[in-house]
Each structure stands twice: as C-alpha cells, then as structure tokens.
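User: Hey, I'm new to this one. Can you walk me through it once it's up?

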Amino acid sequence: MPMVDLSNEPRFQPAMTEVTLTRGSATLRGTVTGTGPTVLLLHAGGERRAVWTPVAAALASRGLRTVAFDLRGHGDSSGQATKLRAIAEDVTAMICHEPAPVIVVGASLGGLAAIASLADPRAARHVAGLVLVDVVPDPDPARVRAWLDERGLFSGNAELVEDILERGPELLATATKIELPMLLVRGGPRSPLIDAEVERLCVANPAVTVSRVPAAGHLVARDTPDELAHIVADRASIWLATTLADRGEPAWHDHQWRPDRAGRAVRPTLEG
C-alpha cells in the first residue's frame, strides 16, 4: 500500500496523560496517548519516551492507545540501568499493568528487554505480538562494541552493554521459544544490523517476519516515525483480531471498545 504524504495536513492531536509506575527504589515515568487497545512503546538505550511522541499520535489516530515509559535510568525515570534483568522485570510490570491483549514495540535496548520479559509466562499471556525495531537478540559482540564506541555510546554504558552481550545466546534461546507473532522492522543501509544476524533469528523462530524502512538508520522511530507507525498499526490490527478470535471474544473495532478512566480499552460484555 503506498504511503500518503500528510506533511502539509494538520497533525491529529490525541489526549495525553502522565503515569507513574513504582518499582522498588525506582520510579518509572510514562506518557499515555489516545484510547483503545494498548501498544507498549519501549525506547532504545540513551533515548527517552519523547522519541515516541509522533508515533504515538499516529497510532492514536488509528484507534490505538500507547503507553511509553522512560526506561529506568533514562529521562525522568530513576533507578540504575546496569543490568538487563532489572529492565526486563520493569517491562513485565508494564505489560501486566495493562488489560490484555497488549502489543509490545521495542527498539534496540527496549526490544532486548521485551524479549527477556517474554520469558516470564505472566507477560507472555498478556501479549498479542512483538515488534522488534532494528535489534536482534545475539549480535556480534565485537561489532556492537565498535559501533557504540564510534558514536561515544560505549564507555558510559559499558556495564549494561557487557551484560546484554553476555546474554546473547540466552536471549536467542528465549526468542526461539516465544509463541507469538513477531515482526522485525529493520532500518536501511545506516542500520548496524547485518543480514546474517537477521537470518539467524528468522531461522530460529519461523514466526518472525521482516519489514525494512530504507530511509531509517538504527533509530527508526526518530528517523521515520510515520512509516513506523503505519507498519505497527497495520500489524497490530491483524494480531489483535487474531488473538480475540482465538479467545472467542468480540472482534476489535473502534466502536466496540470503551475506555476506562485511564484510557485503557475495556471490551464490552456480550450483553452490551
């Protein structure tokens, strides 16, 4: 389907509210945008939730509610971002805080935390599908270190980076066992991903499909937010419909869902 240029049109302005999630000594700050079924947006390392703002607005115009937190140690959230396990446990809490089914979109660090989170059955039961944005679970460690170092991103995050790289085989094993539809959205030539790593993930889990955004680099949400939102919304609508049909629940259409006080989608009963 061809993309429509909306650059000269007034951008849809959805309702936005701030939320807080307390995780032990860490306080996670987030933004909720729109109403409808929930899409959880997890940013890359070194980023913050504001990177998702244009994506969230576009998804809201498609009847989807987004929740975007600053990951621990990022932006307005407190806590230390030194171990992937702690971030993954935060993601599990974010997922379980929402009514099922939830679509999870994770970029780079956010995608790795999402994979690790889905090893927990509590999270997996809540999720209808996973979108990984320019990330695979087991990239070549030396190449990752070099890529980050060239951009001045390694030294200040070395402990977290090394923890993630050590967990590469474990993360790939987890991704292999995920029984959910998964989409990998790749950037174009500026992306650090290589074909062999993408192919390894697809072979490990045949449920993985791949979409490429040639104009984007590693930070697809920042480079091409409208195209990313278009891809996510189209895939989310399919996954939500399939999940609800499998559960014998009412189909997802905008008029069939009503928001609760937090804007979360509440399915109607069969009696209305």
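User: Let's start with α2 and α3. At what angle do they pack, and how far apart are their axes?
Analyst: This is a predicted model, to start with. In it, α2 and α3 pack at about 75°, and their axes are 8 Å apart.

User: What do you call that arrangement of α2 and α3?
Analyst: Roughly perpendicular, because angles of 65 to 115 degrees go under that name.

User: Which residues make the contact?
Analyst: On the α2 side you have L84, I87, A88, V91, T92 and I95. On the α3 side there are L109, L112, A113, A114, A116 and S117.

User: And what classes of residue are in the contact of α2 with α3?
Analyst: It has 10 nonpolar and 2 polar residues, with no charged ones.

User: Which residues of α2 are buried?
Analyst: L84, I87, A88, D90, V91, T92, A93, M94 and I95. Among them, L84, I87, A88, V91, T92 and I95 also belong to the contact with α3.

User: How does the span of α2 compare with what 13 residues should give?
Analyst: They agree: at 1.5 Å a residue, α2 (residues 84-96) should span 18 Å, and its end C-alpha atoms are 18 Å apart.

User: How does α2 sit against α6?
Analyst: Their axes come within 9 Å and cross at roughly 80°. That is why α2 and α6 also count as roughly perpendicular to each other.

User: Which residues meet there, between α2 and α6?
Analyst: L84, R85 and I87 of α2 meet L160, D163 and I164 of α6. By class, this contact divides into 4 nonpolar, no polar and 2 charged residues.

User: OK, staying with α6, how does it cross α7?
Analyst: The axes of α6 (residues 158-166) and α7 (residues 168-177) come within 4 Å and cross at roughly 55°. That angle makes α6 oblique to α7.

User: Which residues of α6 and α7 meet?
Analyst: I164, L165 and E166 are the α6 part, and they meet G168, P169 and L171 in α7. The contact of α6 with α7 has 4 nonpolar residues, 1 polar and 1 charged. I164 turns up in the contact with α2 as well.

User: Switching to the sheet. What order do the strands come in?
Analyst: The order is β1-β2-β4-β3-β5-β6-β7-β8, in an open sheet of 8 strands with mixed pairing.

User: Which strands stand at the edges?
Analyst: β1 (16-23) and β8 (208-213) do. Each has a single partner strand, so one side of each is left without a neighbour in the sheet.

User: How much does the sheet twist from one strand to the next?
Analyst: The average is 20°.

User: How are β5 and β6 joined?
Analyst: β5 (residues 102-107) and β6 (residues 127-133) run parallel and are joined by 6 bridges. V102 stands opposite V127 in β6, and A107 stands opposite V133.

User: Which helices pack on the sheet around there?
Analyst: α3 (residues 109-117) touches β3 (38-42), β5 and β6, and its direction makes about 135° with that of β5. α8 (residues 195-204) packs on the sheet too, touching β6, β7 (182-187) and β8, with about 150° between its direction and that of β8.

User: What about β6 on its other pairing, with β7?
Analyst: β6 and β7 pair in the parallel sense, over 4 bridges. V133 has V185 as its bridge partner in β7.

User: And is β6 covered or uncovered?
Analyst: Mostly covered, with 7 of its 7 residues buried.

User: What is E197 in contact with?
Analyst: Leaving aside neighbours within four places in sequence, E197 is in contact with V136, P139, D140 and R143.

User: Last bit, the whole protein. How many helices and strands are there?
Analyst: There are 10 helices and 10 strands.

User: And how much of the protein is buried?
Analyst: Buried residues make up 51% of the 272 residues.

Note on methods
Residues numbered from 1 in each chain as written. Predicted model: local features only at pLDDT ≥ 70, side-chain atom pairs only at ≥ 80, totals over all residues. Heavy atoms only, no water. Axes fitted to C-alpha atoms, helices over the stretch in contact; angles between N-to-C directions. Helix = DSSP H or I, 4+ residues; strand = E, 2+ residues; numbered from the N terminus. Parallel < 35°, antiparallel > 145°, perpendicular 65-115°, else oblique. Contact = heavy atoms within 4.5 Å. Nonpolar A, V, L, I, M, F, W, Y, C, P; charged D, E, K, R; others polar. Pairing = 2+ DSSP bridges. Expected span 1.5 Å × (residues − 1). Buried < 20%, exposed > 50% of the residue type's maximum accessible area, 1.4 Å probe, protein only.
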